[in-house]
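Please have the model open as you read.

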Amino acid sequence: TAVGSRDVVPTPFDGLFQGVEFQATVADNLLQEDFVYRPASGAALETIAAISVGLPLAFFVAAIGLRAGIVMGLVELVAVWLGSTWLLASNGMFLSPFYPTAAVVVTLLSLIVAKAGAERRPAEMARRDVESAVLDR
């Protein structure tokens, strides 16, 4: 790894990883059988994770409220990402946190839009009542 040899390999963890060190790491991973893998049931596990964070969040928001639901959604996001990181670091298993994250975001956005629509109807009715009261005079 002499300075100036310019044998640099880009990796996700370090943009200036020396080529010799990269090859040594690959050889060590092969000898230690230390691989990153995705289980055959990975898509099913990600779907179950997405449902298990999205559905309770929807019920929680409906029962408690939107502000508490946003806090719960953030807690769920942190748990999903920490869980995914832990699985990768401890077992070498890769499960993408994308679908559970998307489930939380879509659930919260849908509930915000639904709540805005639900609050708009009574406001429109009140506006019509005021207009009809003013026009009846």
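Is the crossing of H2 and H4 left-handed or right-handed? The crossing of H2 and H4 is right-handed, meaning that the near helix is turned clockwise from the far one by less than a right angle.

A word on the ground rules: this is a predicted model, where local features need pLDDT of at least 70, side-chain atom pairs count only at pLDDT 80 or more, and totals for chains, interfaces and linings use all residues. Residues are numbered from 1 along each chain as its sequence is written, and side-chain values use heavy atoms, leaving out hydrogens and water.

**The helix pair**

Helix H2 spans residues 42-63 and helix H4 residues 98-136; their axes come within 8 Å and cross at roughly 25°. That makes H2 roughly parallel to H4 (angles under 35 degrees count as such).

**The salt bridges**

The whole structure holds two salt bridges, each a side-chain nitrogen of Lys or Arg within 4 Å of a carboxyl oxygen of Asp or Glu.

| Salt bridge | N to O distance |
|---|---|
| Arg38 and Glu46 | 2.6 Å |
| Arg127 and Glu124 | 2.8 Å |

Arg127 and Glu124 are three residues apart in H4, so about one helical turn separates them. Arg127 is partly exposed at 38%, and Glu124 is partly exposed at 25%.

Terms used. Axes are lines fitted to C-alpha atoms, for helices over the stretch in contact, and angles run from 0 to 180 degrees between N-to-C directions. Helices (H or I, at least four residues) and strands (E, at least two) are DSSP runs, numbered from the N terminus. Angles under 35 degrees count as roughly parallel, over 145 as roughly antiparallel, 65 to 115 as roughly perpendicular and the rest as oblique. Buried means under 20% relative accessible area, exposed over 50%, partly exposed in between (1.4 Å probe, protein chains only).
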